[in-house]
Amino acid sequence: MLEQEIRSDIDERQKLILQIKTLYLRYEFTEKDEQLFLMYSIPTIYAIWEGFVQTAFQTYIQELNKLNLTINTICKPILVYHIENSFKQFREYPERFNGKVAFFDKLNVFYSAEFIDITQAVNTESNVGFDVLNKILKTFNLENVSEYPEPRYSLSQELDNFLLKIRNAVAHGQNSIVVNREDLDRAIKLINILMDLVLEKIIKGFENRSYLLIP
């Protein structure tokens with residue numbers, strides 16, 4: 001069920017990617033219109049990638065929440081993630097007495113609960129580069145993605161120094177950026193590789209029960 005849901009999401013995103021890829025081929029764009037389309041296609045491809053990361057890990061969390069995990073059985077990384085997202089007071093301790101009382105009351109309820117309902121707030125930092133991706137995987141006690149999924153193909157280089165670099169430049173109004181058809185194909189290849197790798201890490205972790213304190 002978990003793999004099917006995530007793979008279905010990948011399929012839908014790949015259909016959307018195909019529409020984007022062929023849009024300028026299906027319509028008679030002028031050279032200027034094509035350049036404008038290609039430039040803004042990169043932030044769109046990035047949005048598909050970040051959206052996938054959010055959806056994939058939320059789906060994973062939903063599956064974990066069906067297992068009736070407890071404080072004493074769930075692995076430390078996920079427990080810390082859940083506590084930090086449930087209690088913002090750990091980052092900014094309440095100054096008022098009433099706030100402190102409410103905080104400790106909430107903590108008492110948390111530690112008295114029979115099962116953990118893991119929060120689904122996945123922090124992508126609005127910039128899912130290579131390091132952020134592996135940080136999210138580590139948060140859920142999953143294996144990191146290797147920088148080189150194939151010889152001489154660096155995910156760090158492709159994601160950080162190509163896709164994110166163009167996406168951020170366009171987002172900040174740098175309209176001098178020139179994107180060609182090969183760049184769009186390059187971005188699409190990257191996202192397809194990344195989605196498959198994230199799926200692989202999630203499924204492997206779930207099957208190996210890496211979410212448990214002692215798998």
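Glu125 counts as partly exposed, because its relative accessibility is 38%; partly exposed lies between buried, under 20% relative accessible area, and exposed, over 50%, with a 1.4 Å probe and protein chains only. Glu125 sits in the loop between helix 4 and helix 5. Helices here are DSSP runs, H or I, of at least four residues, numbered from the N terminus. Phi of Glu125 is positive, near 60 degrees, and the residue is not glycine. Most residues other than glycine have a negative phi.

A word on the model. It is predicted, so local features need pLDDT of at least 70 and side-chain atom pairs count only at pLDDT 80 or more, while totals for chains, interfaces and linings use all residues. Residues are numbered from 1 along each chain as its sequence is written, and side-chain values use heavy atoms, with hydrogens and water left out.

Next, Arg152. Its phi is also positive, near 60 degrees, in a residue other than glycine. Arg152 lies in the loop between helix 5 and helix 6. Is Arg152 buried or exposed? At 79% relative accessibility, Arg152 counts as exposed. Then there is Asn141, which follows helix 5 and has a positive phi near 55 degrees.

Now helix 5 itself, residues 130-139. Its buried residues are Phe130, Val132, Leu133, Asn134, Ile136 and Leu137. Their cover includes helix 2 (31-65), helix 6 (155-171) and helix 7 (181-207). Cover here rests on contact, meaning heavy atoms within 4.5 Å.

On to helix 3. Buried in it are Ile78, Leu79, Tyr81, His82, Ile83, Asn85 and Ser86. Helix 2, helix 4 and helix 5 are among the elements covering them.

How does helix 3 pack on helix 4? Helix 3 is residues 76-86, helix 4 is residues 97-112, the angle is about 150 degrees, and the axes are 12 Å apart. Axes are lines fitted to C-alpha atoms, for helices over the stretch in contact, and angles run from 0 to 180 degrees between N-to-C directions. The pair is therefore roughly antiparallel, a label for angles over 145 degrees. In the contact, Leu79, His82, Ile83 and Ser86 of helix 3 meet Lys106, Phe110 and Tyr111 of helix 4. By class, that contact has 4 nonpolar, 2 polar and 1 charged residues. Nonpolar is Ala, Val, Leu, Ile, Met, Phe, Trp, Tyr, Cys and Pro; charged is Asp, Glu, Lys and Arg; polar is the others, Gly among them.

From helix 1, the contact includes Leu2, Ile6, Ile10 and Tyr24; from helix 7, it includes Leu184, Ile188, Ile202 and Phe206. The contact residues divide into 15 nonpolar, 2 polar and 7 charged.

Last, the core. The largest nonpolar core has 68 residues. Such a core is a set of buried Ala, Val, Leu, Ile, Met, Phe, Trp, Tyr and Cys residues joined through side-chain atoms within 4.5 Å. Ile45, Trp49, Phe57, Phe140, Leu155, Leu163 and Ile202 have the most contacts inside it. Which helix gives the most to this core? Helix 2 does, with 15 residues.

Definitions and conventions:
Helices (H or I, at least four residues) and strands (E, at least two) are DSSP runs, numbered from the N terminus. Angles under 35 degrees count as roughly parallel, over 145 as roughly antiparallel, 65 to 115 as roughly perpendicular and the rest as oblique.
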